[in-house]
Amino acid sequence: MDGVTDLSFRRLIRELSGGNAPLFVSEFLSTGSPIFLTPANLRALRFDKEEEPFCMQVFGNNAEKLASAAAQAQGLGAAFVELNAGCPARKVSSKGSGAGLLRDLPNMQRILRAMKSAIKVPLLMKCRLGWDETSLCINEVLEIAEGEGVERLTIHGRTKAQGYKGQANWNAIGEVAAKAKIPIIGNGDINSLEKAMDAIKNYGVKGVAIGRAALRNPWIFNPSAKVDVCSVVLRYNELMLQDGFSPMQALGRLKQLCSRLCEDMPEFRSGILRAQSTSEFLQFFEPLR
Ligand SMILES: Cc1cc2nc3c(=O)[nH]c(=O)nc-3n(C[C@H](O)[C@H](O)[C@H](O)COP(=O)(O)O)c2cc1C
């Protein structure tokens, strides 16, 4: 997840998951620059041995660039390369990238074909149900994906127009899963192990992808783990500093994480968000130890 699931956050999740999080995916990587391996992308492409098999996700609108990026990702050790066809952000989708591909299926097809011929590792795709309610295209997307050799399709059960609002349409995901020849991974609003198991049982998906719930609850993959928020915060800070974050950069990320963890505690939350230094921030957690 862009801006969140960098190496240190994934390390945190992995440590908390007790081995239960089966596949880690990079943040999505832009293919918009003349070269793919920009310093920012090189940084985002780093992964730990323990994360293998690791999936690298790319986005863009140009088949040649995406094919070249896919080959370079494979060269850096990606076990899977995934095309993002779901990002609704205006700066991405308005340029025909991310969910923008749902409005230009011929280009999606060109891109998948080019990427597929550039790599030996499995090609995956993540998409939404369509651009908006009036232009649902998930059936066509499935046909294209299967025809172009995509080996797994993750479907977020919303349209681009919905953004993150409303409820994910799991019936629509289930209808696609019922006819698909490739494994379908369902995505949208899964925030507990029970919901994940129900989705797999009731909608015929081969698995689920968990996004925002892992931001509010980094130990979601291991519900039986005994963890306290304080040690999670300290550990995340340590991991970011080890990974070269400045203390102020790490403080920004700590605030992001904790404001999500503490959504139900508005006073506490506004206190931590005002902290000017890591030590001031960590003091809020002392009483919880
Ligand atoms: C901050 C943020 C960043 C995201 N970045 C990505 C991304 O880089 N790639 C991707 O496929 N999806 C990304 N997503 C979408 C999620 O992966 C997921 O599809 C969506 O949030 C719905 O699932 P959920 O209800 O489990 O969160 C992002 C979502 C959020 C909120």
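Residues are numbered from 1 along each chain as the sequence is written. Because the model is predicted, local features need pLDDT of at least 70 and side-chain atom pairs count only at pLDDT 80 or more, while totals for chains, interfaces and linings use all residues.

Let's start with the domains. The chain is assigned domain 1 (7–216) and domain 2 (229–288), with bounds from an automatic or database domain assignment. Their centres, taken over C-alpha atoms, are 29 Å apart. Domain 1 puts 6 residues into the contact and domain 2 puts in 8; residues are in contact if their C-beta atoms, placed from the backbone, lie within 7 Å. Which helix gives the most on the domain 1 side? That is H1, with 4 residues. Helices here are DSSP runs of H or I with at least four residues, strands are runs of E with at least two, and both are numbered from the N terminus.

Now the sheet. Seven strands form an open, parallel sheet in the order E1-E2-E3-E4-E5-E6-E7, where strands pair if DSSP finds at least two bridges between them. E1 (25–30) and E7 (207–209) are at the edges with a single partner strand each, so one side of each has no neighbour in the sheet. Strands E2 (55–59) and E3 (80–85) are joined by 4 bridges, and glutamine 57 sits opposite glutamate 82 in E3.

Finally, helix H6 (138–147) lies across E4 (123–130) and E5 (152–159), at about 165° to E4. Such angles run from 0 to 180 degrees between N-to-C directions, with axes fitted to C-alpha atoms, for helices over the stretch in contact.

Technical notes
Two residues are in contact if their C-beta atoms, placed from the backbone, lie within 7 Å.
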